[in-house]
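This report describes the packing, the chain contacts and some backbone details of one structure. The sequence and the structure come before the text.

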Amino acid sequence: MDAAALIASLQDAVPGVQFESVPSVDLQTTIYVPADAVVATVRALRDRSDLAFTLLAELTAVDFWPTEPRFEVVYILVSPTNRLRLRLKVRLHAESARIATLTGLWPAANWLEREVWDLFGIVFEGHPDPRRLLMPEDWDGFPLRKDYPVQIRKTPITNEPLQVTAEQFRENVERDRLTRS
Amino acid sequence: MPDIRTETMTVNMGPQHPSTHGVLRLVLELDGETVRSCAPTIGYLHTGIEKTCEQKKWQQVIPLVERMDYLSAQSNSMAFCLSVERLLGLEVPERVTNIRLLIAELQRINSHLVWLGTHGMEVGAVSVMLYCFRERELLLNINEMLAGFRLFPSYMRVGGLREDLPRGFHAAVTAFLDRFGPKLDEYEDLLTANEIYLKRTQGVGVISKEDALACSLVGPIARAAGVDYDVRKYFPYLGYDTYEFAVPTETAGDVYARYKVRVAEMRESAKICRQAMKRIPPTGAYAVDDPRITPPPKDRVYTEMEALIQHFLIYSQGFTVPRGEAYVPVEGPRGEQGYYIVSDGTNRPWRVKSRAPSLLACQALERLIVGGLIADVIAVIGSIDVVMGDVDR
């Protein structure tokens, strides 16, 4: 199935959305999707039996700083039943680097989206657990952005030792026990 | 009589735990011996390889990607080379393709042997570990023969191989394959019908076919659950469609099924290796004949001025890759693997993204161990074969 046939079949499922196909050297169908239509498109791609892209093989992003639109979010989908591969791309501007999450469709998207947030700072709206994945939780900045320096020196963060009285300690233990039981 | 109240206990497992295969940390909530919840924490081994790759020239990326998934080094570098070659529009000679395929299959056997050894040891079969590492030694010797480096040979290069096959390569691989088949039978004698092993593995860490697909699990874990997705069959590369081999699948989806699938895969890989050996002549082309990419042979560098200039240019400036993007999937030992690369037309990559099958396997860990016993956690972590270098990159 080539890009034109795929877009035609997608147009039925998601009306009123502008898809744009681009040629690719690695023979993988590549389609640009507007950011607000990504969940509807992916749901159609997954659930329609003639498409059946049931496997989310990869989810990542590319930073094209300093050009605009700055980010591209890339989804690689695989349809094992139809033996098709599809690369879905979404352009995002720097000031509106947010996109809807796919965790409702695939549990696998959870960590992949956390990784993109961690390294690129792209917000996935509606994500159930929007924390950093690979970097420490108190890290500043998004390392894979192109305007992030390659070598930086950071002063170590030190914390004063926590001072708790014996009563506070007992209270903490009791509260912790109650929340867990 | 007062109510007897039971409390759950939170246990921190790892990151320095011998059976977490590196630095995986699990926060387990235990109710007696049953695991009630599990929160994996990763990132202890994050070294920013993808960021580093963006500073390197194309050919210099190869040693870096080999160190991501350190048990399948040559599969990584092969996947990267295939993507770059697709972007460059290079057609590598058929001999190179067959050698690459042979090396990738040997790497799969190598990785599965480490897996079988460590997994066997964790469930109590220590002798299996010793035997598996004995056979793996022969494969490392073959690597040493190829490139002088046992774990990360960097023998694959964009455009072909670093140099021609060494003398005695065919004999060494044939000797390994002749020895390997009977030895694999011996491992199976130790485990396949072993009462203790069956008790530890059957019905443990079960995942269904639908869940495996939803969690993007591919490779042996998915095939043990009945998904027959294998990139070598579905999207053939390196001419895999011209080789005869089967894709072993199981339906149980438990630890024992994963063991069966991996052992059967080793047998199939050995079969593919034998077919590839017949197609590889001892001497011939080992890289593309393209002066932009392949450095001239050393004897010409020492005797001809033009060859010296060409050698100098390749090693100082590298080569440029046309603007664009490429992703060529390959079937690594842990499932679909590949490098999504973006080039801006210069001699350094703009973006290199490794598809990490271990990351997704690690994410699915929670589904596999919640509800099971704490003693089974060890067996399950072993069975999904995570390599933390691939998870954290």
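**Core**

The model is predicted. Its largest nonpolar core has 154 residues. The members that touch the most other members are A:Leu56, A:Leu77, A:Ile122, B:Val84, B:Ala212, B:Leu217 and B:Val380. Helix H4 of chain B, residues 94–122, gives the largest share of this core, with twelve residues. In soluble globular proteins, nonpolar side chains tend to be buried together.

With its neighbours within four places in sequence left aside, B:Leu217 is in contact with B:Ala212, B:Ala222, B:Leu360, B:Ala361 and B:Ala364. Of these partners, B:Ala212 is also listed among the core residues that touch the most other members.

**Helix packing in chain B**

Two packed helices are described by the angle between their axes and the distance between the axes. Helix H11 of chain B, residues 255–279, takes part in both pairs described here.

| Helix pair | Axis distance | Crossing angle | Hand of crossing |
|---|---|---|---|
| H6(B) and H11(B) | within 11 Å | roughly 160° | left-handed |
| H4(B) and H11(B) | 9 Å | about 155° | left-handed |

Helix H6 of chain B spans residues 169–191, and its axis crosses that of H11(B) at roughly 160°. Angles over 145 degrees count as roughly antiparallel, so H6(B) is roughly antiparallel to H11(B). On the H6(B) side, the residues that meet H11(B) are B:His170, B:Val173, B:Thr174, B:Leu177, B:Phe180, B:Gly181, B:Leu184 and B:Glu188. Their counterparts in H11(B) are B:Val263, B:Met266, B:Arg267, B:Ala270, B:Cys273, B:Arg274 and B:Met277. By class, this contact of H6(B) with H11(B) holds nine nonpolar, three polar and three charged residues.

H4(B) packs on H11(B) at about 155°, which makes this pair roughly antiparallel as well. H4(B) contributes B:Asn98, B:Leu101, B:Leu102, B:Glu105, B:Leu106, B:Arg108, B:Ile109, B:His112, B:Trp115 and B:Leu116. Residues of H11(B) in this contact include B:Arg262, B:Glu265, B:Ser269, B:Ile272, B:Ala276 and B:Arg279. B:Met266, B:Ala270, B:Cys273 and B:Met277 of H11(B) take part in the contact with H4(B) and also in the one with H6(B). The contact of H4(B) with H11(B) is made up of twelve nonpolar, three polar and five charged residues.

**Contact between the chains**

Between the two chains, 29 residues of chain A are in contact with 33 residues of chain B. On chain A, strand E3 (55–63), strand E4 (71–79), helix H3 (109–120) and helix H4 (166–180) each supply at least two residues of the side that touches chain B. E3(A) gives the most to that side, with six residues. The side of chain A that touches chain B has 18 nonpolar, five polar and six charged residues.

**Backbone details**

The loop between E3 and E4 of chain A holds A:Pro66 and A:Pro69. A cis peptide bond joins A:Trp65 to A:Pro66, with omega about 5°. The bond from A:Glu68 to A:Pro69 is also cis, and its omega is near -5°.

Two residues other than glycine have a positive phi here: A:Ala52, at about 55°, and B:Asp385, near 55°. A:Ala52 lies in the loop between helix H2 (38–47) and E3 of chain A. A:Ala52 counts as partly exposed because 17 C-beta neighbours lie inside 10 Å. B:Asp385 is in the loop between helix H16 (374–384) and helix H17 (388–392) of chain B. B:Asp385 is buried, with 26 other C-beta atoms within 10 Å.

B:Asp385 is one of the contacts of B:Arg334, the others being B:Gly219, B:Pro357 and B:Ser358 when neighbours within four places in sequence are left aside. B:Arg334 sits in the loop between strand E7 (330–332) and strand E8 (335–343) of chain B. B:Arg334 counts as buried, since 29 C-beta neighbours lie inside 10 Å. The C-alpha atoms of B:Arg334 and B:Gly389 are separated by 13 Å, and the two residues are 55 residues apart along the chain.

In chain A, A:Ala4 belongs to helix H1, residues 3–13. A:Ala4 is exposed, with 10 other C-beta atoms within 10 Å.

How values were computed: Residues numbered from 1 in each chain as written. Chains lettered and ligands numbered in written order. Predicted model: local features only at pLDDT ≥ 70, side-chain atom pairs only at ≥ 80, totals over all residues. Core = buried A, V, L, I, M, F, W, Y, C linked by C-beta atoms within 7 Å. Buried ≥ 20, exposed ≤ 12 C-beta atoms within 10 Å, placed from the backbone. Helix = DSSP H or I, 4+ residues; strand = E, 2+ residues; numbered from the N terminus. Contact = placed C-beta atoms within 7 Å. Axes fitted to C-alpha atoms, helices over the stretch in contact; angles between N-to-C directions. Parallel < 35°, antiparallel > 145°, perpendicular 65-115°, else oblique. Left-handed = near helix turned anticlockwise from the far one by under 90°. Nonpolar A, V, L, I, M, F, W, Y, C, P; charged D, E, K, R; others polar.
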